[in-house]
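Morning, everyone. Please have a look at the model on the screen, and then I'll walk you through it.

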Amino acid sequence: MPPSALNRLASMRIEYPMLFELRNTYAERVTHCGVMEFIADEGVIHIPNWMMENLRLQEGDIVILRNICLPKGAFVKMQPHTKDFLDLYNPRAMLETSLRSYSCLTTGDTIVLDYNNKKYYIDVLETKPYSAISIIETDCEVDFAQPLDYTEPEKQLPEKESPEVEDELTTKKVQLIPFSGCGRRLDGKPSTQSAEQMSSSMLKQQQTENETKNSNSKSSNTRSRRTSGKLVFGSNANMPKIQTPPKASAESTSEESSQKAEEPKFQAFTGKKYSLMS
């Protein structure tokens, strides 16, 4: 700004730091800024290119400038133009150091941050408590929106395996055999039980399981042979029925009857008498 502006401001009762409102009446655009030096020519002010783009000004256009007092900011929401800003090691730290050259922010403006010889364009989407705030000596909460060129990655659905592959996986599954592992000694010596003995024990275990299955199947078959409606008790329930011998002839029956007739019958009170006096 020219030195005459400093003399005029010094004669007025203004608040520091000095903040100003810039207005382009033709494009109806408004922004806010501070002042660096009062060394410009009379009737001329110098503003950066990005601020001229926000105001839609060209070199030599007329702009209205007036002093203003802005409240301290409490919240700012920003949106980078490119994803390169997210690739920085610490974007918040970079933002804090870069915003030291700014005295105020206005909603709708696009600011430029220089970092490592590269320019990052960032839109100011929202400011609180008002649309224009001061960021000098204040604790301001900063939030970021997704960059303008950010695209969400497509979600890849898991491919279903073919039935042939599933069959191969099921065939490769090994049946669990309990207590089939091998032991290891703490002193590092080989265990007494060799791998061959372990395999033989596993085979024996499988044989015993098969035998039990066969016995269960036999018992189920014998139970199915029983007639319905009858109860069978005892261990001879599964035994086959005993065939009755054929009937004896008439001669054998007559001999048995004659032997029974010859045997004397028992008669009561037929013994000898004894007296106690003799």
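The buried residues of helix 3 are covered by, among others, strand 4, strand 6, strand 7 (119–128) and strand 9. Contact here means heavy atoms within 4.5 Å. Helices (H or I, at least four residues) and strands (E, at least two) are DSSP runs, numbered from the N terminus.

A word on the source. This is a predicted model: local features need pLDDT of at least 70, side-chain atom pairs count only at pLDDT 80 or more, and totals for chains, interfaces and linings use all residues. Residues are numbered from 1 along each chain as its sequence is written, and side-chain values use heavy atoms, with hydrogens and water left out.

Which residues of helix 3 are buried? Met94, Leu95 and Ser98 are, in a helix that runs over residues 91–98. Buried means under 20% relative accessible area, exposed over 50%, and partly exposed in between (1.4 Å probe, protein chains only). Viewed down the axis of helix 3, the buried residues fall within an arc of 100 degrees, so they line one face. That arc is taken from the directions from the helix axis to the C-beta atoms.

Now the strands. General point: strands of a sheet pair through backbone hydrogen bonds, either parallel or antiparallel. For us, two strands pair if DSSP finds at least two bridges between them.

Lys77 stands opposite Asp143 in strand 9.

Strand 1 and strand 3 pair over 5 bridges. Leu19 stands opposite Ile68 in strand 3.

Is Glu21 buried or exposed? Glu21 sits in strand 1 (residues 19–24). At 8% relative accessibility, Glu21 counts as buried. Leaving aside neighbours within four places in sequence, Glu21 is in contact with residues including Val30, His32, Ile64 and Arg66.

Last stop: Ser4, in helix 1 (residues 3–11). Ser4 is partly exposed, at 35% relative accessible area.
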